[in-house]
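Please keep the structure in view while reading the points below.

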Amino acid sequence: MDRERIEGVIIDALNDYLETQGIEGEINPGTVLFGSESELDSMGLVNVVIDIESYFQEQGYSISLASEEAMSRKRSPFRTVDTLADFIWELVEKAPK
């Protein structure tokens with residue numbers, strides 16, 4: 001699994017969620033995932049995270065995005081699509097397959 005595919009998975013999950021909510025927006029690597037600039041509320045972010053984790057589980061990667069590792073970082077991996085892709089890339093590289 002390469003970094004570009006990981007980013008695509010995140011963008012697809014975001015687009016799917018926003019579509020179900022009737023929200024239109026352009027998703028790109030700099031899209032803010034959480035906070036006042038985001039189209040997602042906290043439950044929306046939870047739904048997207050679950051969808052992303054499910055995708056990776058189906059691919060044989062057992063990763064947890066809402067882990068102590070993620071929450072204890074000085075800078076949250078949930079800031080943007082790009083930062084989340086970097087975090088997932090780290091997890092995928094370490095995960096047993």
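The model is a predicted one. Its largest nonpolar core has 30 residues, and helix 1 is the element that gives the most to this core.

**The nonpolar core**

- In soluble globular proteins, nonpolar side chains tend to be buried together.
- Within the largest nonpolar core, the residues with the most contacts are Ile 10, Ile 52, Phe 56, Leu 65, Leu 84 and Ile 88.
- Three helices each supply at least two residues of this core: helix 1 (3-20), helix 2 (42-58) and helix 4 (81-94).
- The contribution of helix 1 to this core is eight residues.
- Leu 65 touches a series of residues that lie beyond four places away in sequence, namely Val 49, Ile 52, Glu 53, Ala 70, Phe 78, Leu 84, Phe 87, Ile 88 and Leu 91.

**Helix 1 against helix 4**

- Two packed helices are described by the angle between their axes and the distance between the axes.
- For helix 1 and helix 4, the packing angle is about 125° and the axes are 9 Å apart.
- Angles over 145 degrees would count as roughly antiparallel and those from 65 to 115 as roughly perpendicular; helix 1 and helix 4 are therefore oblique to each other.
- The crossing in which helix 1 passes helix 4 is right-handed.
- On the side of helix 1, the contact is made by Arg 3, Ile 6, Glu 7, Ile 10, Ile 11 and Leu 14.
- On the side of helix 4, the contributing residues are Val 81, Asp 82, Leu 84, Ala 85, Asp 86, Ile 88, Trp 89 and Val 92.

**Helix 1 against helix 2**

- The axes of helix 1 and helix 2 cross at roughly 135° and come within 9 Å.
- Helix 1 and helix 2 are therefore oblique to each other, and helix 1 passes helix 2 in a right-handed crossing.
- Helix 1 takes part in this contact through Arg 5, Ile 6, Val 9, Ile 10, Ala 13, Leu 14 and Tyr 17.
- Helix 2 takes part through Gly 44, Asn 47, Val 48, Asp 51, Ile 52, Tyr 55 and Phe 56.

**Aromatic rings**

- A pair of aromatic rings is described by the distance of the centres and the angle of the planes.
- The count comes to two aromatic pairs.
- Tyr 55 and Phe 56 form an edge-to-face pair, with 5.3 Å from centre to centre and 90° between the planes.
- Phe 56 and Tyr 61 also form an edge-to-face pair, with 6.4 Å from centre to centre and 70° between the planes.
- Tyr 55 and Phe 56 are buried, and Tyr 61 is buried as well.

**Two individual residues**

- Ile 88 is found in helix 4, and its relative accessible area is 0%, so Ile 88 is buried.
- Leaving aside residues up to four places away in sequence, Ile 88 touches Ile 6, Ile 10, Ile 52, Phe 56, Ile 63 and Leu 65.
- Ile 88 and Leu 65 are 23 residues apart in sequence, and their C-alpha atoms are 7.6 Å apart in space.
- Gln 21 is found in the loop between helix 1 and helix 2.
- Gln 21 has 44% relative accessibility and therefore counts as partly exposed.
- The C-alpha atoms of Gln 21 and Arg 75 are separated by 28 Å, and these two residues are 54 residues apart along the chain.

Terms used. Residues numbered from 1 in each chain as written. Predicted model: local features only at pLDDT ≥ 70, side-chain atom pairs only at ≥ 80, totals over all residues. Heavy atoms only, no water. Core = buried A, V, L, I, M, F, W, Y, C linked by side-chain atoms within 4.5 Å. Buried < 20%, exposed > 50% of the residue type's maximum accessible area, 1.4 Å probe, protein only. Helix = DSSP H or I, 4+ residues; strand = E, 2+ residues; numbered from the N terminus. Contact = heavy atoms within 4.5 Å. Phe/Tyr/Trp six-rings, centres within 6.5 Å; stacked < 30°, edge-to-face > 60°. Axes fitted to C-alpha atoms, helices over the stretch in contact; angles between N-to-C directions. Parallel < 35°, antiparallel > 145°, perpendicular 65-115°, else oblique. Left-handed = near helix turned anticlockwise from the far one by under 90°.
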